[in-house]
Amino acid sequence: MISGIINVYKEKGFTSHDVVAKLRGIFKQKKIGHTGTLDPDAEGVLPVCLGKATKVCDLLTDKDKEYEAVLLLGKATDTQDITGAVTSERPVTCQEEEIRELIAGFVGEYSQIPPMYSALKVDGKKLCDLARAGVSVERAARKVQIFSIDILQVSLPRVKMRVHCSKGTYIRTLCHDIGIKTGCGGCMESLLRTRVAEFHLGEAKKLSQIEAEVQAVRVKAAGKELAREDFAGFIKNTDSVFLQYPSVSVREEFSKLLYNGNPLQERCFLNWEDAYRTTALRVYDAGQNFAGIYRWDDVHRCIRPMKVFME
């Protein structure tokens, strides 16, 4: 089984689940998961985890993200994007400077009501399924954080902008809310996700590219079992998403404790420092194989596993 993380460029027309299904066929393994849904008409960065790396799916979902979006003013839809049924159309009477000021007002924390056309569940049912059945339910507003909005181009009624935001932010809802503020309504015309944490658009590969590269590796391998190292050009190590944490290596004589997931004492490590008691740690075995993320337990004076990746 291959373990690691692929930076996939999700193309228009594919759902995030389509991408996972396609990759299961390409790599001929079932244990694959994506790290956050992108709408079928959206494009861009979709990190996908393979094998043991699927344990970081929830962690990557929680990371900050960047998007490039086109806001179309003067038109509101039931889905809050251009694919939906038009609910209102009004002339755009705001001037460019006023629109810039209104958009700037969304930077910071704001309460966002999730759209009905979303994968969120209420009483076990997806909102989008309820919406397609003509059912609308009340949704509680959620606090999201807009770290920055850079306006890239204004050509009214369209505004192209780059948005850096927290997890859980719906960009089409942001467009919808900006439209309300302008008084003429608005919806999202297009969306490109350019970054998820340290995964950037410039390094993302389309499914066709991944399939071609995997096939080339299989031909070269001539039947031998493949490993992540055979795909070093585009499958990142699982530990690549934890590089913000210091790394420590376990002494060979304590390997059994590590492999069994036991708490570890300071003496178990080759390169222990007192400062490591205040942060999460990347822990490796004596052969520099990534074992997991650990944290100091001040009560029991030991290092305990938070998430283990070694089998």
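Visitor: Which residue in β16 does S249 stand opposite?

Guide: Y284. Keep in mind that this is a predicted model.

Visitor: How do β15 and β16 pair, and over how many bridges?

Guide: They run in the parallel sense, over three bridges. Strand β16 covers residues 280-284.

Visitor: What sheet do they belong to?

Guide: An open one of four strands, ordered β15-β16-β17-β18. The pairing is mixed.

Visitor: Which strands stand at the edges?

Guide: β15 (247-249) and β18 (302-308). Each has a single partner strand, so one side of each lacks a neighbour in the sheet.

Visitor: How many degrees are neighbouring strands turned against each other?

Guide: On average 40 degrees, direction ignored.

Visitor: Back to Y284. Which aromatic cluster is it in?

Guide: The one formed by F242, Y245, Y284, F290 and F309.

Visitor: How many aromatic pairs does the structure hold?

Guide: There are 11. One of them is F106 with Y110. Their ring centres are 5.3 Å apart and the planes stand at 85 degrees, so this pair is edge-to-face.

Visitor: Are F106 and Y110 buried or exposed?

Guide: F106 is buried, and Y110 is too.

Visitor: What about F231 and F234?

Guide: Edge-to-face, because the planes are at 70 degrees, over the 60 cut-off. The centres lie 5.9 Å apart. Both residues are buried.

Visitor: New topic: charges. Which ring does the charged end of K236 sit over?

Guide: The ring of F199, 4.7 Å from its centre.

Visitor: And K206?

Guide: Its charged end sits over the ring of Y9, 5.6 Å from the ring centre.

How values were computed: Residues numbered from 1 in each chain as written. Predicted model: local features only at pLDDT ≥ 70, side-chain atom pairs only at ≥ 80, totals over all residues. Heavy atoms only, no water. Phe/Tyr/Trp six-rings, centres within 6.5 Å; stacked < 30°, edge-to-face > 60°. Buried < 20%, exposed > 50% of the residue type's maximum accessible area, 1.4 Å probe, protein only. Lys NZ or Arg CZ within 6 Å of the ring centre and 35° of its normal. Pairing = 2+ DSSP bridges. Helix = DSSP H or I, 4+ residues; strand = E, 2+ residues; numbered from the N terminus. Axes fitted to C-alpha atoms, helices over the stretch in contact; angles between N-to-C directions.
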